[in-house]
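Here are my notes on the pockets and on one helix pair. Please read them beside the model.

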Amino acid sequence: MGRSLTVQAGVLLLLILAQSLDAQTTTLRYGQIPSTVKTISALQFTVAQRKGLFAREGINLETVLVEGGANNMMAALNKGAVEITRTATPYLIQSVLAGSDGVAIAGETLTPIYSLIAKPEIKNFADLKGKVVGLSLAVDTISISTRKLLAKNGIREPDFRVKELVGTPARAACLRKGECDAVPLGQPEDFVLLKEGYQRLGVSTDAVPNFLFTVSAVRKSWGEKNRDALVRYVRGLASAFRFMRDPTNRAEVVSMAVDTTGSSAEIVRQTLALYFEPDRGVVPKQAELDVQGLGQVIQFMAEAGELKPPLPVVSRFVDLQYLKVAGLQ
């Protein structure tokens, strides 16, 4: 009888503990573009989930796929379809200037490396005269940095024609189909096409060495009411970046990336070597926001005619309190 009561008490205690843990877990809906889920740029989320880094912080991150391209990410956030969204900084800036109370709370990709990949017969930049270059939307930093790379090498519009294609898969497909003569691609897609015989004419960092590309953004009004959850979110994200950067974890990170991207281990290792050997400032050290890099994006948008003077101040688009409370900024 006594033993039976002890067992029942133990079971009851376990149930109470389980309920307590459930009560402490916060579910956050995270908006992501479908085409980025299987890219290296989203690897930190695979790391965080598989290593239990969000779970350790009491965060259940629920991925919500937002169709329609990068310009729809802020729309999903603004209407409350997600609590956090991945967004490229130009779209955050545009949305805020249009009335959104969105703010960046953490960095995801600092300065990306985009390769200008061309057909095998295109041997140099001069060969692009009169050809079709597949770019993203004009406001996108991918397009801005590629235009700067082309200009640095003597190619300016109307020397080439532009085909607007949102998303790396769409640009890669355009090149493979022969409808584009050159396109900017991130990793690992650029290494994949190089292996297929395509040419790399240059990389975006040759022309644009520093800017802030993608961030985690929230509505400021929502964030003020959910400070604790966001501090825990940025801590989990920071732990994922630290894990990725640790050379002793390289084999495990490669394995995760192979599973996620479908690329070969060889291409994943090449990609990580490009980022970290030496460190080229692509991956945040611990989810920090490069405020100066965001200022550079504002300047780029002004140069592209997307923003008119007086230019907005950077502080309008960021909220550093969550990183600061977590000791990360």
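1. The second largest pocket holds about 160 Å³ of space. A pocket here is an open set of points on a 1 Å grid over the protein atoms alone, where a 1.4 Å probe fits, with protein on both sides within 12 Å along at least five of seven lines. Volume is the space filled by probe spheres set on the points.

2. The model is predicted: local features need pLDDT of at least 70 and side-chain atom pairs pLDDT 80 or more, while totals for chains, interfaces and linings use all residues. Residues are numbered from 1 along each chain, and side-chain values use heavy atoms, without hydrogens and water.

3. Lining this second pocket are A138, I144, R147, K148, F300, E303 and A304; lining residues have an atom within 4 Å of a point. α6 gives the most, with 3 residues. The lining has 4 nonpolar, no polar and 3 charged residues.

4. The largest pocket has a volume of about 550 Å³. Its lining counts 39 residues, with T36, S41, R86, Y114 and F213 nearest the centre. By class, 18 are nonpolar, 15 polar and 6 charged.

5. Helices α2 (43-50) and α11 (250-261) pack at about 110°, axes 10 Å apart. They are therefore roughly perpendicular (65 to 115 degrees). Their crossing is right-handed. L43, T46, V47 and R50 in α2 meet V253, M256, A257, D259 and T260 in α11, with contact meaning heavy atoms within 4.5 Å. These residues divide into 5 nonpolar, 2 polar and 2 charged.

Definitions and conventions
Ala, Val, Leu, Ile, Met, Phe, Trp, Tyr, Cys and Pro count as nonpolar, Asp, Glu, Lys and Arg as charged, and the others, Gly among them, as polar. Helices (H or I, at least four residues) and strands (E, at least two) are DSSP runs, numbered from the N terminus. Axes are lines fitted to C-alpha atoms, for helices over the stretch in contact, and angles run from 0 to 180 degrees between N-to-C directions. Angles under 35 degrees count as roughly parallel, over 145 as roughly antiparallel, 65 to 115 as roughly perpendicular and the rest as oblique. A crossing is left-handed if the near helix is turned anticlockwise from the far one by less than a right angle, and right-handed if clockwise.
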